[in-house]
Every structure is written in C-alpha cells, then in structure tokens.
Amino acid sequence: MSVEVSEAKSWTDDLPVCFYTGVGLSKNQIYKEDGYRREAHECEDRSFHFKIDDHTFLYGVFNGKDGSSMADFAAQRMPAEILLGQLSDKDSPEAIKEVLREAFLAVERSYFESVDDLLAERANLLCELPDGFKSYDAYQQFPDIVNRLRAANARLSAGASVAIALIFKGHLYVANVGDCRALLCKIDAEGVLRVMQLTVDHDLTNEDELLRLSHMGIDVEKLQKKGSHLATRCLGNYNVKGGYKDFDLFSAATREPVIAEAEIMGPIALDDSCRFLLLMTQGLYGALEEATKSEQANKEIAQIVVEQFGSQSTLAGVAQGVVDRIVRIHHDHYMKDPSHLMCCQHEDITLLIRNFNFQLSSPASASSTLRSYHPSLNANTSDPFAMGLKFDSQIEVLPSSSINGTLTEMFTEASITSSDSSEQMKSNQSSSMFLDDDGRIAPYVDFSSFYQAVKKAKDEEQMTSQKTSSVTLVSSMELFVTLSTRSMATGFIVNS
C-alpha cells in the first residue's frame, strides 16, 4: 500500500463544518530582491474544523515536514480515532485525555503500516546496487535506481507537527506534538484579555525535552549545534524513528528519541470569559519572531487578531487578515535589507480561529484587509478599528518549558484591556445627534421650505399664468434640491 494519499473524496469531507471558525493560509515563499516571490515546494500544511453536535467540536492544524504525506494522512485519520464512538462512554477527564493520547499513537502506527510496501521497494533497490559503491559513482552508473531510492527516502522521512483541540461537553482539551501552538484568550476579572499558551513547543529550546534526551544518553550540546528548532516529537519521520541508530546524533540513545506521545492540557471550562481560541503552525509565530526579534509573539499575534476582528465581517476574513499582515511584516523586513538571511523566505502558515464571545465588525463598517499596519506593533494602540480595545503594557513572560498544567501558570502574557466598543463610539458623538443601532446618523430631508414657497405663491396670486407658475415652481425645486443634497451629504436634519 502506497503512502500517497489519494485525491479521491475523503470520509472527512462529509463531516459537518464548524461555522464558528475561520482559517487563514499562506503558502511558503522565497523572496527575491526585485520583490517577486516563488514557492519552494508544495504546501505541506493541513487543517480541519468539525462540529459533530452541539456538545462535540474537533479542530486541528498539521504542519508537514519533508513532504505532505504524513500531514495528509493524519488530517484524515485523526478524526476517525476520536469521533467514531471513542468518546460516547467517556465521562471522566482522564478517560477523554486517554482517547486523545491513544489517537496520536494510533495515527502514527497506521501510517507506518502503510509504508510496508515502500520499505520493501527500498530494500530491493538497495540490493540492486553493487556493494562498496560511493554515492557519486552509484549515480553515474545507476541513475534510475538512485533517483528511486532518493524518492523513497524522501517519502519515508515525511513527518508532521500537530495541534488538536477538542471541545466536549463544555470543556476544552488540547493535545500537541512538535511546534504547532494553541492559544486561548480570556477576559479576567479586571477586564484584561489574557493570552494562555496551552501547548508545549517540542524542540531544543524546551528544557524538559533536553532533560528527556540527555537521560537516554544523547549529547544535547552537540544536538543543539544543529539548530534549536529541531523537533523532538512529531508524527511520522520513519527514517529517524525506525533507524535512529544510523544517525550520529542519536546513535547513543538507549531508546527511541523522537516520539509521538502527545502532551495534553485540560479540561478547561469554556465560560463567558473565553473570547477566542487560536491554533497555528510554526510558520506564523516564527515569521513574526524573525522579522521583529520579538520575545512576545503570542501577545502580538493576539493584538493583530483583535484588530482584525474590528475590521472584518467574517471569521475567515479575520484569520486571513492576520496571516496576510504577518507575511507582509516579514516580507517588508526583508525588502528593507535583502541581506537578511533569516528572512529570505517563510514556511507554510496556517491560522485557525475558533470564536467564542468576540464581536465581529458589521459588514457595513468592515474595512479592507489592506489597511496600513504598524510594524512596531505599538502596544498602546488607539486604532478605533480595534473595537475599543487597548493593550496593557505590563507583560508577564513565562517560558513554554515551564508550563506544567496549572491554569494559573498558563496566564503567560497580559495583553488587552477591554471596553464596550459600540457604546464608547456612541458616547463620543455629540449628544444632539440621533444615532441608529450601527452608530450612524440616519439621513433625513425636511420638505417644509418647498411647501411654504408654494403656499406663498398661491396667497400672493402669482400663479395667474403658466409661465409665472413655472418660474416659481422651478425656484422652489432648486431650493429643495440644494437642501436635499446638503442633508444627504451630512446626515443632519434640514430645518427651514
């Protein structure tokens, strides 16, 4: 059985979509000095958002690595491991978390079972090459075999970082492997919007992961020299998981170093204080960190989300507006100085927003996503399109590696102070103006001047001839048109 995922209709296509959700996407891009961009490879990100019933919702983002086959497989198989009756008799939080934990492991097992034919093909190809050949010599004499071996190895190295969010009976559970993130934004008792990171970044910046690797005999200092963003947990990547002894960095390990065991957070009660949930792939916050050197990417992304809520009329527009803005910040940073090696390209970006209690802008007042942005990400924005919200400059930073599951410690970044935006806008207007429900003055025309002019003409008996009458009526109509034009332009009541 091939690992290629068929483009035929998947069973997940029939699952009901959650319309409380919006998704934004930007494919990977390589920048050029002349401003043009091109894709380096096919898009490897995947996502889903399902509403099974009024009590069960499932969301996921998948960031493919070295190809999209693992992300494709997981996006189709993960719902089957959670939604096909596995939750029907589960009442305790631990039982629900066990379903999520087993789902990750089952998806990877199924994927590895699907590559059996590919492993056999690779073994046969290796047998066709004479022993002792170096790579260059083998390619010169057996280019077809070498190319097929490279293709097989590329497919076997495909992996994926994953973040899953399950809403079940009013409670939120989040599970992840790799570097995809989940952020929950809640209003606290003081009216401040708090950004809670519910996932753990499984990379070499995570002290708990470094400790786990060192306990199995791996030289973590040597490993860190290869880069801090090397994933220590993922789905797939058979080449490493099935043959880690063949890799110099992992050869000393006493057991499998890169694992698929998910870290799970929850249950978190979803009450009126919850505003929105964000699921994102590493490309989103990574691009912002590269361009701004920010250590508060979570807070700044939440700020941009709030601003987009004030300027978009759909959740898809909000999510895409956030992605487009961060991509623009990243690209503009490169264009200012094309020598920026770190910002010469960005990876695939996916952002999924699940709205709970945050107000969208009305269609009539929604502004374009092309509104100019503030590269400095000013925390004390007074932008009226930010729905009456302003950001608190006090920020409490908590490293992701220290997250241990207690809700109080998950309040990582104080961010936004809220106010009733619609009432605030109305109170700022003159008290003499009547505002409708959208905060606008209704257009109105007073016809009294026209009628007075006609009555005057009759009383003075100036309508004895058709010519005289026509002149008077034309004059009155000109007055009416002038008043109408002014009233429609300003929205004020016209008095005689």
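1. The lining of the largest cavity consists, by class, of 7 nonpolar, 1 polar and 1 charged residues. Here Ala, Val, Leu, Ile, Met, Phe, Trp, Tyr, Cys and Pro count as nonpolar, Asp, Glu, Lys and Arg as charged, and the others, Gly among them, as polar. The residues concerned are Arg212, Leu213, Leu223, Leu230, Ala231, Thr232, Phe250, Pro257 and Val258. The volume of this cavity is about 30 Å³, and a search of the whole structure finds 1 cavity of 30 Å³ or more.

2. The model is predicted: local features need pLDDT of at least 70, side-chain atom pairs count only at pLDDT 80 or more, and totals for chains, interfaces and linings use all residues. Residues are numbered from 1 along each chain as its sequence is written, and side-chain values use heavy atoms, with hydrogens and water left out.

3. The largest pocket has a volume of about 860 Å³. Of its 32 lining residues, Lys65, Asp179, His229, Gln282 and Glu347 are the closest to its centre. Two or more lining residues come from each of strand S5 (56–65), strand S6 (159–168), helix H9 (282–292) and strand S13 (345–346); H9 gives the most, with 6 residues. The lining divides into 11 nonpolar, 13 polar and 8 charged residues.

4. Grid points are joined across faces, edges and corners, and a volume is the space filled by probe spheres set on the points.

5. Beyond neighbours within four places in sequence, Met78 is in contact (heavy atoms within 4.5 Å) with Phe48, Phe62, Ala103, Phe104, Val107, Val162, Ile164 and Leu235.

6. Overall, 47% of the 496 residues are buried, that is, under 20% relative accessible area with a 1.4 Å probe, protein chains only. The protein has 14 helices and 16 strands, taken as DSSP runs (H or I, at least four residues; E, at least two) numbered from the N terminus.

Conventions:
Buried means under 20% relative accessible area, exposed over 50%, partly exposed in between (1.4 Å probe, protein chains only). On a 1 Å grid over the protein atoms alone, a cavity is a set of points where a 1.4 Å probe fits but cannot get out, and a pocket is an open set with protein on both sides within 12 Å along at least five of seven lines; lining residues have an atom within 4 Å of a point.
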